[in-house]
Amino acid sequence: MGEYNDQPVIITDLPFSGDADEARLHQLGYKQELKRGLSAASNFAISFATISVLVGITTTYNTGLRYGGPASMTIGWLVVSFFTSCVGLSMAEICSAYPTSGGLYYWSAKLAGKKWGPFGSWITGWFNIVALFAGTASVSFSMAQIIQVIILLSTGGANGGGYMASKYLVTGFHGLILVSQGIINSLPINYLAFFGNLGAIWNFLGIFVLMILIPTVATERASMKFVFTEFNTDNGAGIHSSVYIFVLGLLMSQYTLAGYDVSAHLVEETKKADQGAPIGIIASLGLAFVTGWAYLIAVTFAITDISYLLDVNNDAGGYAIAEIFYLVFKNRYGSGTGGIICLGFVAVPLYLAGLTLMTSNSRMTYAFSRDGALPFSKVFHKINKQEVPVNAVWLAVFIAFCIDLTSLGSQVAFQAMVSFATIGIYIAYALPIFFKVTLGRKSFVRGPFHLGKFSVLIGWISVLWVATITVLFSLPVAYPITEDTLNYAPVAVGGVLIISICYWILSARFWFNGPKTNVNVEISL
């Protein structure tokens, strides 16, 4: 087995077919239950569709523009891309060594050693799964908001008597979106591969078309100086420090460049997994860096008045990027129909990103349940005749909808979802990397993909970056601080941490020993 010859394995039951992927999965303690029908290209496509820079930038452009400004978005994208590449490389290296759908929490269990493995696995798993629930909710809720804006603009806009769907109707849209995504996720994996490929192609072509179309159609364009040096100091948030504003604006980029752990969660369904999944992580991130920056610059060059784009009284109701699309075509042709079509074009990959994120969510739920870490684990570990963890899929649908219900009380809830989805998932990314460069530094046995002598350095850069953004994205985004301006992200992060630790102390430490094997093996990793 090449890199794994020094790992003694005794398999005493459940003989496997001789397939290298299945053999490696047996070495890690699991039998093949999910259908292994994805190629490395399909794994990459689903990962790229989940990251979906077209979606991430479009749905959080308001955040970047309001709290940061053009410079924070364009220059900030490069900063975030560099550090995110370190995180992605470190994750790809670990994924190559431990190709199981448990991904992050399994890695923590093995890398933290016998003493700290169960606790490290527990904390990592809970941050991972809660962040995935929040991410699934936020992406599909963004789809519902896009529908709301499309309807508004199609009926005349806010200033032309257009129809603004109520928050209750938006919640209804969200529910229908989630149910349809749940139905598709209940189908065999080859259908998901098709939608993943479609999402990847649509994202790439969409960015290519929009980055040419928007600046070309625009009758007025911002200057190079504006795009790369302008900070939104007149944001009405009581913040005037350019450094502070730059930092807050990074959230848009970091939120967008997340979700690539789906490659790891689909590893048990990927052929040549210890190479295909790492390639999926690295390739999807690399393409996201380039295409995302190009799209971001193209859209930002069409800005002429930041305050108007963010004004709730504009035609798009304050949805900045929708207003940019609408105005670009209206100013050129006298009608904003072209902008509405562009917005509809973005809605397709937004739907597909929510679809593939739900796939990642359900696989994590399946794996965590397989190891008995969730309540009613036996229910959520079940797979149907199509070899799909269907109960885990519908749990993702239900919880995502419940999270959305908080938006009925305040729109601050959406910002909290975005912040926690970003911070929570990156904490889950960083924990196994931290264990690898500390407790597991000497015992880690690398797989076919590895970073060689740069492994430890890149690992520490990754850990320190995540620690930094955890603090930065927990800072207040507006002053004075009120219940409507409070950044609830640290409350959410602290809540998950406290609840998971208390659950561990009071109960889980007595029965959770980390990932459970479901084949009779003796293994030393």
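User: What makes up the lining of the largest cavity, by class?

Analyst: By class, that lining has 13 nonpolar, 10 polar and one charged residues, where Ala, Val, Leu, Ile, Met, Phe, Trp, Tyr, Cys and Pro count as nonpolar, Asp, Glu, Lys and Arg as charged, and the others, Gly among them, as polar. The model is predicted, so local features need pLDDT of at least 70 and side-chain atom pairs pLDDT 80 or more, while totals for chains, interfaces and linings use all residues. Residues are numbered from 1 along each chain as its sequence is written, and side-chain values use heavy atoms, with hydrogens and water left out.

User: Which element gives the most to the lining of the largest cavity?

Analyst: That element is α6, with six residues; helices are DSSP runs (H or I, at least four residues), numbered from the N terminus.

User: Why is R66 called partly exposed?

Analyst: The relative accessible area of R66 is 26%, and partly exposed is the range between buried (under 20%) and exposed (over 50%), with a 1.4 Å probe and protein chains only; R66 is therefore partly exposed.

User: Where is R66 placed, and how far is its C-alpha atom from that of L152?

Analyst: R66 sits in helix α3, which covers residues 53–67. The C-alpha atoms of R66 and L152 are separated by 22 Å, and the two residues are 86 apart along the chain.

Conventions
Helices (H or I, at least four residues) and strands (E, at least two) are DSSP runs, numbered from the N terminus.
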